[in-house]
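Look over the sequence and the coordinates before reading on. The paragraphs below go from the whole chain to a single sheet.

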Amino acid sequence: MNHDLLVLRMRGPSFVQLNTEATVNTTVLNMGNSNESGVTVELLVNGTVANSSAIGLLESGASEIVSLSWNGTVEGVYNVTAYVLPVAGETSIENNAFSTQVLCKSPQIIRVPSDYGTIQGAVNAANEGDTILVASGTYHENVQIVTSGLTIIGENKTSTVIDGGGKANVVSVTADKVEIDGFTIQNGGKDNVGISLLGSDANTINNTVIIGNTYGLFLDTSPSTTARNNAITNN
């Protein structure tokens, strides 16, 4: 009988906040021609077992997702490994493990322009859970947000302006759980959008003026979006 288990996929955050539970989902595939019982999956953090779970029965050709959680208690980069303990008779175990690195740190407050001269620069430097505070002024930018869990707050919605220069979408969001609060979003240009949400989830647009774009607020495959206390006019 052929016994062969494979960690097909491991999905988890690349960044976790300090002392916050992080969940890793591991997909285990039985590539052998024998059904396996009592398959144990371990989650190792820096080489130490942080959690484990067992699959009662994994039939030949079948896969199952196992969810395991851990907490980072010290800031730093952790090596996180999903490991399937070899079953009886399994001789090839090089595919039984999958590793990745995860950054663990406390949330930061980033200020524009004192820390970074542009909003995009601050967004690029931010990690999930960080807050970006933007002082009053006009920022001639087309901001792209790809990091989830950011909070971006303007000092005042009438005096903190992001101007797209008539070239492209003013703000494009393809991440989840992003909050934008207290801006004027303007001048997206022909066929462009003030704020575009694409393939994202659970974002919030609050207390913002969206004006002078072809389209004000555009959502595509972006469920659980909250938009409140906004003025969306002349688009």
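The model is predicted. Its chain contains one helix and 21 strands. Along the principal axes, the C-alpha trace spans about 70 × 35 × 25 Å. The radius of gyration of the chain is 23 Å, whereas a compact globule of 235 residues would have a value near 18 Å.

Of the 235 residues in the chain, 41% are buried, where buried means under 20% relative accessible area. The chain exposes about 11,200 Å², and carbon and sulfur atoms supply 46% of that area. Among the contacts in the chain with a separation of 6 or more, 53% are between residues 24 or more positions apart.

One sheet can be followed strand by strand. Strands of a sheet pair through backbone hydrogen bonds, either parallel or antiparallel. In this open sheet, three strands are arranged in the order β1-β3-β6, with antiparallel pairing. Strands β1 (5-11) and β6 (63-71) stand at the edges; each has a single partner strand, so one side of each is left without a neighbour in the sheet. On average, neighbouring strands of this sheet are turned by 30° against each other, direction ignored.

How many bridges join strand β3 to β6? Strand β3, residues 21-30, is joined to β6 by nine bridges, and the two strands run antiparallel.

Definitions and conventions: Residues numbered from 1 in each chain as written. Predicted model: local features only at pLDDT ≥ 70, side-chain atom pairs only at ≥ 80, totals over all residues. Heavy atoms only, no water. Pairing = 2+ DSSP bridges. Helix = DSSP H or I, 4+ residues; strand = E, 2+ residues; numbered from the N terminus. Axes fitted to C-alpha atoms, helices over the stretch in contact; angles between N-to-C directions. Rg over C-alpha atoms; globule rule 2.2 N^0.38 Å. Buried < 20%, exposed > 50% of the residue type's maximum accessible area, 1.4 Å probe, protein only. Contact = heavy atoms within 4.5 Å. Areas by Shrake-Rupley, 256 points an atom, 1.4 Å probe, with all protein chains shown as cover.
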